[in-house]
Amino acid sequence: MEVIEMDENNGLSLVELNPPNPWDSDPRSPEELAFGEVQITYLTHACMDLKLGDKRMVFDPWLIGPAFARGWWLLHEPPSDWLERLCKADLIYISHMHSDHLSYPTLKQLSQRRPDIPIYVGDTERPVFWNLDQSGVGLTNINVVPFGIWQQVDKSLRFMILMDGVHPEMDTCIIVEYKEEWKAQFIKAERRKLLNYKAQLVKDLQPRIYCPFAGYFVESHPSDKYIKETNTKNDPNQLNNLIRKNSDVVTWTPRPGAVLDLGRMLKDPTDSKGIVEPPEGTKIYKDSWDFGPYLEILNSAVRDEIFCHSSWIKEYFTWAGFKNYNLVVRMIETDEDFSPFPGGYDYLVDFLDLSFPKERPSREHPYEEIHSRVDVIRYVVKNGLLWDDLYIGFQTRLLRDPDIYHHLFWNHFQIKLPLTPPNWKSFLMHCD
């Protein structure tokens, strides 16, 4: 895998990453699995509950509330005992800081019951839990581990966290090994990739079992009706049907509470007890979401005293620290329908010299307009959050001239903002 990095002279260099083959590190002899010894229970989205002997692991628990401010909501109804499952886990793995994997509303409920539960994350460029103190979530046992090193849980179970192949600076994947017989690499597939590509990948890799997950969300808020209707997602059943046409790989489209018994499936993929579906009548899809509490948190930022002073704009972008780049951005605060918000801010930022001109400069320059819903952009600004909430959460509309993606700009506001929020208390004192 190759990645682009900035060198000391502000030039770009191509760096090839050659991570070691994990199976070459401390190899072990396989042992046969008993029926019921390894069970995988799907909870929702990217959250799996793994029973491995007498240990339990849970991955990426997003089980309540929205992700990306107010843009993503759970498609599936989690099992009613999800909190008990989390509390009983021996450890939790969180792949990265995006809020559909690191869900502070979920972890807040967990921390009230079991604050010392061991949580494991990779040593990414931006810490996964960079915002823990500000979140108010009282977790006390977070373990940041190096990439490519086996973490021993007991004599039969170990796991290794690796850099993700798409976003190595912020995302990770995990390899879990139990009795050497089962090697499972949980990698989140990008939904933008073609179904045929995924099917070919499965055919080439020839896993024993394939399960598509981590894409089960819906744009359920009424204001996002347009996105919901136009953001067509890959159908996991369609993908699995395509895989079965081209290979003998066993596929599994999970439903909340469904359990896969790995010992049975490896011995006989046709075993009717290999996959146990939820009881008849179990609610699979959510049909209501508790928007109110989460939107009120966002709306409270609109009325914050900070935004009574137009100098917040210079304060914020100075704090953000992105400059010396030939790009002019027009930021426009909008209502729900992306029309200009009455009394909202509409301003230019010239990132070449970090100035705030009234008009676009006369020099040749690329230009972007970012129309953002006022509640989300002000909440992000006030709390010094990353801009993922804006664009992954579909809370912005963009116009680019020319239509070029400015990686350095977006990457900075995605992962390189300061770890502590702006000092608005000091700002207000100076304003007064």
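Analyst: Start with the lining of the second largest pocket: by class, it has 18 nonpolar, eight polar and three charged residues. Here Ala, Val, Leu, Ile, Met, Phe, Trp, Tyr, Cys and Pro count as nonpolar, Asp, Glu, Lys and Arg as charged, and the others, Gly among them, as polar. The model is predicted: local features need pLDDT of at least 70, side-chain atom pairs need 80 or more, and totals for chains, interfaces and linings use all residues. Residues are numbered from 1 along each chain as its sequence is written, and side-chain values use heavy atoms, without hydrogens or water.

The pocket has a volume of about 870 Å³, meaning the space filled by probe spheres set on grid points joined across faces, edges and corners. A pocket is an open set of points on a 1 Å grid over the protein atoms alone, where a 1.4 Å probe fits, with protein on both sides within 12 Å along at least five of seven lines; lining residues have an atom within 4 Å of a point. There are 29 lining residues, and Tyr104, Pro105, Asn131, Tyr379 and Leu385 lie nearest the centre. Helices H2 (104-113), H3 (132-135), H8 (291-302), H10 (374-383) and H11 (388-391) each give two or more residues. H2 gives the largest share, four residues. Helices (H or I, at least four residues) and strands (E, at least two) are DSSP runs, numbered from the N terminus. Domain 1 (22-179) and domain 3 (299-430) each supply at least three lining residues; the bounds come from an automatic or database assignment.

Now the strands. An open sheet of eight strands runs E9-E8-E7-E5-E4-E3-E17-E18, with mixed pairing. Its edge strands, E9 (142-145) and E18 (275-276), each pair on one side only. Two strands pair if DSSP finds at least two bridges between them. E5 (55-59) and E7 (91-93) run parallel, joined by three bridges. Met57 stands opposite Leu91 in E7. Elsewhere, E19 (328-334) and E20 pair in the antiparallel sense over five bridges. Ile332 stands opposite Asp346 in E20. Four of the five residues of E20 (346-350) are buried, so this strand is largely enclosed by the rest of the structure. Buried means under 20% relative accessible area, exposed over 50%, partly exposed in between (1.4 Å probe, protein chains only).

Last, the cysteines. The structure holds zero disulfides, a disulfide being a pair of cysteine sulfur atoms within 2.5 Å. For Cys211, the nearest cysteine sulfur, that of Cys47, is 12 Å away. Cys211 is buried, at 19% relative accessible area. Cys431 is partly exposed, at 29%. The sulfur of Cys431 is 9.7 Å from the closest cysteine sulfur, in Cys308, too far for a bond.
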